[in-house]
Amino acid sequence: MLTSSGMAPENLAESKMSDVGESRKHDLDKREGSKDLVLEKMENCDTMSKRQRKKLMKQKQWEEQRDLRKQKRKEKRLKRKLERRSQLESNSEESIRKRKCREVAPSALRLIIDCSFDSLMELKDVKKLHKQIQRCYAENRKALHPVQFYLTSHGGQLKDNMNENDKGWVNWKDIHIKSEHYSELIEKEDLVYLTSDSPDVLNELDESKAYVIGGLVDHNHHKGITYKRAQEQGIRHAQLPLGIFVKMNSRKVLAVNHVFEIILAYLEKRDWEEAFFSVLPQRKGVTSLNETMEKSVPVLQDSKSVQDETSDSD
């Protein structure tokens with residue numbers, strides 16, 4: 001059998017070996033020739049100027065120290081390699097230590113994204129919802145107290161978009177993705193629908209309950225729909241205590257991932273105000289309601305100070 005060059009494979013291998021050997025021999029010959037040239041010039045040193053002799057001496061030293069420089073480069077490369085390895089081992093140990101200090105304790109709380117609003121959304125909004133769900137999944141995976149995460153009524157445009165743009169979703173871990181409605185999966189008495197239109201305020205999370213977030217991106221086209229759904233299904237409903245702790249320039253309706261992340265943050269911090277401020281974006285103009293109230297209340301002087309001022313004026 002012949003190669004494309006018309007040579008047998010064994011002859012081609014021998015030819016390549018020969019070329020490598022010739023190349024090395026050529027380099028050695030060149031180096032030896034360089035040394036010989038320097039020596040030849042040194043013999044004619046008497047006829048050279050002082051500057052030429054100085055230049056020649058430097059060249060001679062350079063040739064003599066070639067092997068030493070090569071050895072130093074080799075040692076330097078080895079040193080860098082060992083330093084990198086040491087750094088990687090150190091980082092790995094630090095990562096293990098941090099993980100041990102920050103032991104993950106999964107929560108029994110069930111958090112559901114209700115995807116039954118698929119037909120009410122345009123494709124661009126379905127894509128936004130998909131990204132918000134991706135964010136929820138990622139945040140739950142790295143949370144200190146990850147929740148029992150459910151996607152219910154999964155199908156339609158959302159499923160098609162996930163199949164097209166995020167095929168890896170079928171391998172997601174620690175998540176229950178169901179085509180069924182949440183009412184078919186969880187007892188009615190355990191369900192609490194989180195909706196900003198509810199008159200009831202959620203002061204504390206009950207980890208035995210299943211909290212539902214409406215999977216809807218509608219830009220306020222379907223105002224109050226999640227509250228109406230909860231009423232129609234006869235399940236409990238509540239809003240996050242946003243108005244007690246936070247003042248916002250924008251409307252109180254939050255994105256799906258913001259509600260999800262606030263729940264995760266509360267499970268870790270056990271403080272609603274801290275949870276809100278750690279999640280809500282600055283563009284919403286979020287300020288602490290306590291700080292706002294402190295600024296608006298005038299500072300009253302005590303009776304003694306007022307009396308002293310009156311006596312001074314007399």
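User: What covers the buried residues of α10?

Analyst: The model is a predicted one. The cover over the buried residues of α10 includes α8 (242–245), β7 (246–247) and α9 (256–269).

The helix itself, α10, spans residues 272–279, and its buried residues are Trp272, Ala275, Phe276 and Val279. These residues lie on the same side of α10, because they cover an arc of only 95° around the axis. Trp272 and Phe276 are an example, being four residues apart in helix α10 and separated by about one helical turn.

Both residues count as buried: the relative accessibility of Trp272 is 5%, and that of Phe276 is 0%. Their rings form a stacked aromatic pair, with 5.8 Å from centre to centre and 20° between the planes.

Across the whole structure, a search finds six aromatic pairs. In the pair of Tyr266 and Trp272, the ring centres are 4.0 Å apart and the planes meet at 15°, so this pair is stacked. Ring pairs join Tyr266, Trp272 and Phe276 with Phe245 into a cluster.

Finally, the N-terminal end of α10 is capped by Asp271, which has a side-chain oxygen 3.0 Å from the backbone nitrogen of Glu273.

Definitions and conventions: Residues are numbered from 1 along each chain as its sequence is written. This is a predicted model: local features need pLDDT of at least 70, side-chain atom pairs count only at pLDDT 80 or more; totals for chains, interfaces and linings use all residues. Side-chain values use heavy atoms; hydrogens and water are left out. Buried means under 20% relative accessible area, exposed over 50%, partly exposed in between (1.4 Å probe, protein chains only). Helices (H or I, at least four residues) and strands (E, at least two) are DSSP runs, numbered from the N terminus. The arc is that of the directions from the helix axis to the C-beta atoms. Contact means heavy atoms within 4.5 Å. A polar contact is a pair of N or O atoms within 3.5 Å; within protein, one must be able to donate a hydrogen and the other to accept it, and residues adjacent in sequence count only if both atoms are side-chain atoms. Rings of Phe, Tyr and Trp (its six-membered ring) pair if their centres lie within 6.5 Å; planes under 30 degrees apart count as stacked, over 60 as edge-to-face and the rest as tilted.
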